[in-house]
Amino acid sequence: MKRLFRTQSPVRLIALGFAMVILLGSVLLILPFSVREGVDLAYIDALYTSTSAVCVTGLIAVDAGDTFTPLGQFILAMLIQVGGLGVTSVGAGIILATGRKLDLKGRNLIREASNLDSGKGVMRFIKNVLLTTLIIESTGAALNFIVFCQDYPPLKALGISLFHSVAAFNNSGFDILGNLQNLIPYRDDVLLNLITCGLIFFGGIGFLVIREMWSHKFRWKKYSMHAKIVLTVSAALIVVGTLLLKLTEDVTWLGAFFHSVSARTAGFSTYPLGNFSNAGLLVLTVLMFIGASPGSTGGGVKTSTFFVLIQGIKAAATNKSEKAFRHAIPKDAFRKAAVVTLLALAVVVTGTWLMVVMEPEVSLMDALFEITSAFGTVGLSTGITTGLGVDAKLLSILVMYIGRLGPLTVASLWYFSPGERVSFPEGNVAIG
């Protein structure tokens, strides 16, 4: 078995690692100590919940607050944490804690999973990731407690605060408040809304950008092109999303801002999305599709992919080179961005078609929203998730899994060719 693992590519090992954690989580969640007395939890719902947690999505087939015991909720939080940090990062952290050394295969695995340019400084990076996560989630939990202690006993408020901080930073829209209410009771609580948005934002920009912001003392000029792109696109999407949602929906400015942030792969809501207009749902769908940033706890095609795609189109239209922030964009970046986007569109379109075939009573907009939410590992829903059949839930599980790994990663799982040995003369094809 050990030899078999060593012969596999890093991509396959990452995919297998996520699958194993999902299956283990589903078994733990269905055991009697995880489920409240009197609740009948089907295995498909345990598997769905585990997948949604490990893929840091937040789509729910059953309410986490009403279904799981405190121990079950703790297991759910750990699944979210492992899914957000990545199986390889958590494994490396355990190796560090035991004082063992990581071999070259392990370093390459972490480099692949964390979107690092090289294997140099991998262990230092993992230490920074774990420390950053601990600091941000602890701070978030302490601030959450200020809000939740007003409505719950101290011990329960502490548990909710910790769970919510973990879920928000890892861009997973799970809540344990019960009654499928998400954060609707706190729609007017400015402090909780801003804390949650802050956790989502930092979880969504990626550990590489957080490290740059900290090491350069928040001095913009010293940031790399990648960090500037991520921060600029993230801010622009939040502003544009807020304005469009306020324009189309009967929500407050705080509600529009919150959903604009949350739609970028977090999945918390303070208003029932089933009441949103098609225009508002379309805005959220686009935000969910774009998603967070590389090396983050979120999904989607990523902000940098979206930026490079726009710059490539602009360059083609104006016959100028692709550049940003006084740097030239790598020549193969546009091709990779286009491939990622096309594969993502293929997953969403195919998934939506299968959803409306399996669930004919579900509207096209609701199906598109649900599948995009699953692919972007967001967790927002118009309310159709709990009523889906087994086949539709299995479809959603597959889409969440693809979304967490990335469509390009999934497409390359079986690709091992060292390169083409035969070249052909260049042909001519008309474009546009």
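The model is predicted, and two of its helix pairs, H5 with H9 and H16 with H18, are described here by axis angle and axis distance. The structure also holds 2 cavities of 30 Å³ or more, and helix H9, which packs against H5, gives the largest share of the lining of the second largest cavity.

**Packing of H5 and H9**

- Helix H5, spanning residues 70-85, and helix H9, spanning residues 154-169, have axes that come within 9 Å and cross at roughly 25°; because angles under 35 degrees count as roughly parallel, H5 is roughly parallel to H9.
- The handedness of the crossing between H5 and H9 is left-handed.
- On the H5 side the contact is made by Gln-73, Leu-76, Ala-77, Ile-80 and Gln-81, which meet Phe-163, Val-166 and Ala-167 of H9, and by class these residues comprise 6 nonpolar, 2 polar and no charged.

**Packing of H16 and H18**

- Helix H16 (residues 333-358) packs with helix H18 (residues 390-405) at an angle of about 170°, and the two axes are 10 Å apart; since angles over 145 degrees count as roughly antiparallel, H16 and H18 are roughly antiparallel to each other.
- From H16, the residues Val-347, Gly-351, Leu-354, Met-355 and Met-358 meet Asp-391, Ala-392, Leu-395, Val-399 and Ile-402 of H18, a contact that divides by class into 8 nonpolar, 1 polar and 1 charged residues.

**Largest cavity**

- The largest cavity has a volume of about 80 Å³, and its lining consists of Asn-171, Ile-200, Phe-201, Gly-204, Ile-205, Ser-234, Ile-238, Val-261, Arg-264 and Ala-292.
- Helix H10 (190-205) and helix H12 (225-248) are the elements that give two or more residues to this lining, with H10 supplying the largest share, 4 residues.
- By class, the lining of the largest cavity has 6 nonpolar residues, 3 polar residues and 1 charged residue.

**Second largest cavity**

- The second largest cavity contains about 50 Å³ of space and is lined by Phe-148, Ile-160, Phe-163, His-164, Phe-174, Asp-175, Ile-176, Leu-177 and Leu-183.
- Helix H9 contributes the largest share of this lining, 3 residues, and Phe-163, which is among the lining residues, is also one of the H9 residues in contact with H5.
- The lining of the second largest cavity divides into 7 nonpolar residues, 1 polar residue and 1 charged residue.

Methods:
Residues numbered from 1 in each chain as written. Predicted model: local features only at pLDDT ≥ 70, side-chain atom pairs only at ≥ 80, totals over all residues. Heavy atoms only, no water. Axes fitted to C-alpha atoms, helices over the stretch in contact; angles between N-to-C directions. Parallel < 35°, antiparallel > 145°, perpendicular 65-115°, else oblique. Left-handed = near helix turned anticlockwise from the far one by under 90°. Contact = heavy atoms within 4.5 Å. Nonpolar A, V, L, I, M, F, W, Y, C, P; charged D, E, K, R; others polar. 1 Å grid on protein atoms, 1.4 Å probe; cavity = no way out; pocket = protein on both sides within 12 Å on 5 of 7 lines; lining within 4 Å. Points joined across faces, edges and corners; volume = space filled by probe spheres on them.
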